[in-house]
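Here's a friendly tour for anyone meeting this fold for the first time. Have a look at the picture, then read on.

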Amino acid sequence: METMNYWKIIFRGVSLSLIFIGLYHFLVTSLAVVDLQVVTDTRTKLKIYYSDSDKSWSERRVAEVLVKPGIKDYSMRLTNLKKIENLRIDTSEKIANVRVVSLVISQPGFTPIRIDSPKEFEKIKQGGGIADFSYSANGFTVKSASNDPNLFYQLPPLVKENIAFEQLSRMLLLVLFAFSLAFASKSMCHDFRFVLPLGLVVLTLIIVMASLSNYNQHPDEGVHVAAAKYYICLLYTSD
């Protein structure tokens with residue numbers, strides 16, 4: 001009986017290790033993160049569309065963030081950098097003056113792509129809906145003429161970084177954490193001791209969700225709006 005319990009713990013540890021490593025791979029190492037510094041005079045949304053060499057833009061391949069006056073630092077996630085060659089930056093969805101001080105795209109295994117100097121700003125191509133575009137050492141500024149101003153930027157070739165040791169170390173930590181949970185679960189299962197810790201986790205998630213959600217809106221309101229825009233666009237562009 002003791003041997004059987006031991007193998008159950010090992011199985012739990014291996015299973016949790018595979019789950020944690022899989023989540024780490026798909027949510028961390030396979031996604032690019034965009035860190036922005038933005039100054040705006042109007043509360044609006046800044047969107048970044050991404051595509052490969054065909055330069056086709058879709059609401060299914062976009063990241064967006066709500067920018068507000070007085071707040072400068074923002075972050076969003078894109079897809080894997082290996083799948084991106086071109087960006088379309090929509091600085092606002094209404095008439096606004098928006099200055100992007102810096103835009104840095106990073107992903108484990110690659111040198112960060114920095115758009116934060118006049119040398120990089122001059123590579124940005126203007127699209128439609130722009131009344132004025134200018135840049136300096138303090139960023140590039142877009143004064144929109146419509147609700148859909150857009151800019152285009154072609155990513156430079158990716159430069160790989162050797163992070164094998166760092167990645168291996170993190171995976172080992174995930175495995176240790178998984179087996180720690182597996183061994184802890186042996187005692188937690190007696191007398192339903194797991195109920196209180198799990199209840200605290202659920203309560204924490206509820207508090208986080210309540211604090212991040214806007215008043216009179218459910219947490220995924222923005223996702224529903226984006227989905228509605230996509231289907232409206234699809235309806236009016238299809239024959």
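What follows covers the ground rules, the strands and the nonpolar core.

## Ground rules

This is a predicted model, where local features need pLDDT of at least 70 and side-chain atom pairs count only at pLDDT 80 or more, while totals for chains, interfaces and linings use all residues. Residues are numbered from 1 along each chain as its sequence is written, and side-chain values use heavy atoms, with hydrogens and water left out.

## The open sheet

Five strands make an open sheet in the order 3-2-5-11-8, with antiparallel pairing. Strands here are DSSP runs of E, at least two residues long, numbered from the N terminus, and two of them pair if DSSP finds at least two bridges between them. At the edges sit strand 3 (62-67) and strand 8 (125-126), each pairing on one side only.

Strand 2 (residues 44-51) runs antiparallel to strand 3, and six bridges join them. Thr44, for instance, has Val67 of strand 3 as its bridge partner.

## Around strand 10

Strand 10 (residues 139-144) pairs with strand 6 in the antiparallel sense over four bridges; Val98 is bridged to Val142 of strand 10. Strand 9 (residues 130-136) also runs antiparallel to strand 10, with six bridges, and a hairpin of two residues connects strand 9 to strand 10.

## The nonpolar core

The largest nonpolar core has 33 residues, and those with the most contacts inside it include Leu36, Leu46 and Ile48. Such a core is a set of buried Ala, Val, Leu, Ile, Met, Phe, Trp, Tyr and Cys residues joined through side-chain atoms within 4.5 Å; buried means under 20% relative accessible area (1.4 Å probe, protein chains only). Strand 6 (residues 97-106) gives the most to this core, with four residues.

Notes
Buried means under 20% relative accessible area, exposed over 50%, partly exposed in between (1.4 Å probe, protein chains only).
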